[in-house]
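Student: I am new to this structure. Please take me closely through one part of it, the contacts between side chains. Which charged groups pair up, and where do they sit?

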Amino acid sequence: MLIADSFFDSDTWALTRNLAVFFVVVFWLATAFWVFKDARRRIEDPWLVGMAALLGLVPPFVGPIVYLFLRPPDSIEERRDRELENRALEERISQQDLRCPVCRGQVDASFLVCPVCTTRLKQACGSCGSPLEPIWQVCPYCATPVPPAAVGESELLQPLRMRRTS
Ligand SMILES: [Zn+2]
Ligand SMILES: [Zn+2]
């Protein structure tokens, strides 16, 4: 008992206690700082980041654990990447969905003729040969004006084979 009393009154005890308090405070601030950094990476709204930082600070140690349960599952960057991926996928799907109006075969936007049924899909630019949309007045690739009847309306969407035999 006497030994214990003298130990708790001693400078060693005071030093140990101060060091312990110091480390607890440092650990507390470190966890709060980690919450702030993590929140900034995951949350876009600065108000919510502020709230998360406050939660990381108080209550000490419990706040960061609560934050761990509430935080968004992925970072802003990951969400943005996924959005871009989805958009690229949608674009790819919509491109794949281009179909020949006659045989429903898959065609590319750059095709002049359907490779399956040889239907003429688009007219080619007289200057650079690029495929032109029917409503275009000018070729967007070489700026050559599209003559109104370079390829007659009747020739579009008609199989090439028929043109050759007639
Ligand atoms: Zn076709
Ligand atoms: Zn052209």
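Tutor: Start with Arg87 and Glu83, which form a salt bridge with their closest N and O atoms 3.8 Å apart; the term means a side-chain nitrogen of Lys or Arg within 4 Å of a carboxyl oxygen of Asp or Glu. The model is predicted, so local features need pLDDT of at least 70 and side-chain atom pairs count only at pLDDT 80 or more, while totals for chains, interfaces and linings use all residues. Residues are numbered from 1 along each chain as its sequence is written, chains are lettered from A and ligands numbered from 1 in the order in which they are written, and side-chain values use heavy atoms, without hydrogens and water.

Both Arg87 and Glu83 belong to helix 5, where 4 residues, about one turn of the helix, separate them. Helices (H or I, at least four residues) and strands (E, at least two) are DSSP runs, numbered from the N terminus. Arg87 has a relative accessible area of 46% and is partly exposed; Glu83, at 47%, is also partly exposed. Buried means under 20% relative accessible area, exposed over 50%, and partly exposed in between (1.4 Å probe, protein chains only).

A further salt bridge joins Lys122 to Glu133, at 2.9 Å from N to O. Lys122 is in the loop between helix 5 and strand 1 (123-124), and Glu133 in the loop between strand 2 (131-132) and helix 6 (160-165), so this contact ties together parts 11 residues apart in sequence. Lys122 counts as buried because its relative accessibility is 12%, whereas Glu133 is partly exposed at 30%.

The structure holds 8 salt bridges in total. One of them pairs Asp38 with Arg71, whose closest N and O atoms are 3.1 Å apart. Because Asp38 lies in helix 2 and Arg71 in the loop between helix 4 and helix 5 (76-96), the pair ties together parts 33 residues apart in sequence. Asp38 is buried, with 6% relative accessibility; Arg71 is partly exposed, with 26%.

Elsewhere, salt bridges with shared partners join Asp38, Arg41, Arg42 and Arg71 into one network.
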